Amino acid sequence: MSLEGRPVAIVMIEDDEGHARLIERNIRRAGVSNELIPFTNGTEALAFLFGADGSGEVSAKKQLLILLDLNLPDMTGITILEKIKNNSHTKRSPVIVLTTTDDAREIQRCYDLGANVYITKPVDYDNFANAIRQLGLFFAVMQVPETQ
Amino acid sequence: MALSNFTLMRATAAFIALGMLILLGMVGLSYWMLDRTRQSTEEVLITREMRSSLVDLLSVVQDAETGQRGYLLTGEQRYLTPYDAAVKLTDERFDKLAGVFARHGGGEGFLKELKLDIDAKLAELAKTVDLKKGGRGDDAMAIVLADTGKDIMDRIRSLIGERREAVETRLNAAVASQRENASILQWSIIGGGILIVLAGAGAAWALTSYTGELVKARAEVESLNSGLELRVRERTADLQRANDEIQRFAYIVSHDLRAPLVNVMGFTTELKASLEPLQAVANDPIVDSLPAAAEARTAADKDVPEAISFIQASTKKMDSLINAILKLSREGRRNINPEPVNLALLLEGIGASMQHQLNDSGGELVVGKALPTIISDRLALEQVFGNLIDNAVKYQAPGRPPRVEVRARSERDGSVLVEVEDNGRGIADHDHDRVFDLFRRAGAQDKPGEGIGLAHVRALVRRIGGQITLTSELGAGTTFRVKLPRNLRATLEQSGELRG
């Protein structure tokens, strides 16, 4: 991920703190050392991404990669996805949906809305850890554009 | 209902029977009247014949007398001609009269008397005519003047007159009887007609009422039926909703249970990983001097790894249970896709995929002949029969190579019954229902499994509009019977369930 020296920040929106911790650990194990900014609910994440005025200018000229869970306590991740992809400042930021839902319609909907990757969290932990580690390796070779 | 259907039916029959009776009576009466009329007509004919014979005889005798008188007065031969003709005719006429009386009986005395008188008269006439012819006109006139001939003639006239009067009376009586017959017949026809019309009207009334009752009853049945249909549809919709709710509930519960479970499993693994450096420290001789070194070593080497292994086993178990629930609920939510499925080919495919297991145990799968093509969901059918045949092979009886037979037949209600029969270990009576329950198994627990297969099969069979039952004898074998609609599309359209 446009690695060392380039300030790509990973925004992780995940309500389950245990999952968040496990994701972080496994990404780190893959050698990803970028800044990771965790949020456990949608409201705070939106405030970070779009600022107090909601314009998204706060995210301008940044390189952001967003890890998004769909099941959030205060809203569905789809709302966040929609906002990210409809905002001129954030629309180029890659969004990786990482959730437990494997409903086909849900997956279609996310890609329709502009999700870049959709990953179903594996149920058993070994696969889960493995998937996250591979995702981390993927991050290492991924190009993230700068937002406008 | 005003009158019971039974009463109405009886009334209809009674009216029809009454009409028939009246008709029969009228036929009998007509026949009798016809006979009477025939008798009267005969009587009229007889009496007429008698009357005319009497009149004819009298007139011919009178003709003879007239001819004689003319001849006696004039002596002219031409007066003799009518006389001769009349004399000749007299016998003939008398014979005819006698014939008429002889045919119809009676009058012997009268005929005898009349014959004597006529013969006497003719003798008198002949005698006078002969005298005149012989030129003895005066003698002839003397005989005439003696009035013997006139007396005889008077007697003949009165004899015939009396008889004629009697015949006339008989004739009048016969004509009167004829008239009477005609009027009786007329009235009986009118009366009978009225009665038949009344009986017909009665029958028509009863029939109309009966039909009315029937129509009413039918309308009632129809309205009940449509009400029932509506109720069934409402009930089905309710059940469908409840079912959907349960499916959603199962999905959400199992889905939401997974998230914390991933944490439990994840951090247990982390814990296990963290244990290694701790164990290294605990086993380092350096710590021997510490007071709790022995306990720390026991904890690091035995207690904690044991706890972790229990946690992992339990979470694995829980994970598989949650997965089973998820799978079931997902099956329930999956859109089914009715298409023509050739059961013979489908089973052939299953047999091919199971060939390895069958070969290992020396078993065989026998697919019956003429398995039909039905319209159903292929995936569901594959899973149903795959599971059943897999179970049949898996739970074989010890020391007996498995033999699985699949056959199908059409049911009277238009569905198809597929039977999967095995010679396996069988299922005890008290477990027949239990085996279909989720996470429940029966018999010796010597094969791996979670008690999901048959629950899954039953859910699938229900999903494609079917039913599954089993009969089994412990130690002898089990037969599963899967009843499927021949056309799932039609069944779904009927219940308004076809989606997409």
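Is A:Lys61 buried or exposed, going by its C-beta neighbours inside 10 Å? With 9 of them, A:Lys61 counts as exposed (buried takes 20 or more other C-beta atoms within 10 Å, exposed 12 or fewer, partly exposed is in between, with C-beta atoms placed from the backbone). This is a predicted model, where local features need pLDDT of at least 70 and side-chain atom pairs pLDDT 80 or more, while totals for chains, interfaces and linings use all residues. Residues are numbered from 1 along each chain as its sequence is written, with chains lettered from A and ligands numbered from 1 in the order written.

**View 1. A:Lys61 and its positive phi.** Phi of this non-glycine residue is near 60°. A:Lys61 sits in the chain A loop between helix 2 (42-50) and strand 3 (63-68) (DSSP runs numbered from the N terminus: helices are H or I, at least four residues; strands are E, at least two).

**View 2. B:Ala370, another positive phi.** Here phi is about 55°, again without a glycine. The chain B loop between strand 2 (364-367) and strand 3 (373-377) holds B:Ala370, which is exposed, with 9 other C-beta atoms within 10 Å.

**View 3. The largest nonpolar core.** This core has 40 residues, and those touching the most other members include B:Leu343, B:Phe385 and B:Val418 (a core is a set of buried Ala, Val, Leu, Ile, Met, Phe, Trp, Tyr and Cys residues joined through C-beta atoms within 7 Å). Helix 9 of chain B gives the most, with eight residues.

**View 4. Around B:Val418.** Leaving out residues up to four places away in sequence, B:Val418 touches B:Leu343, B:Val406, B:Ala408, B:Val482 and B:Leu484 (contact: C-beta atoms, placed from the backbone, within 7 Å).

Definitions and conventions. Contact = placed C-beta atoms within 7 Å.
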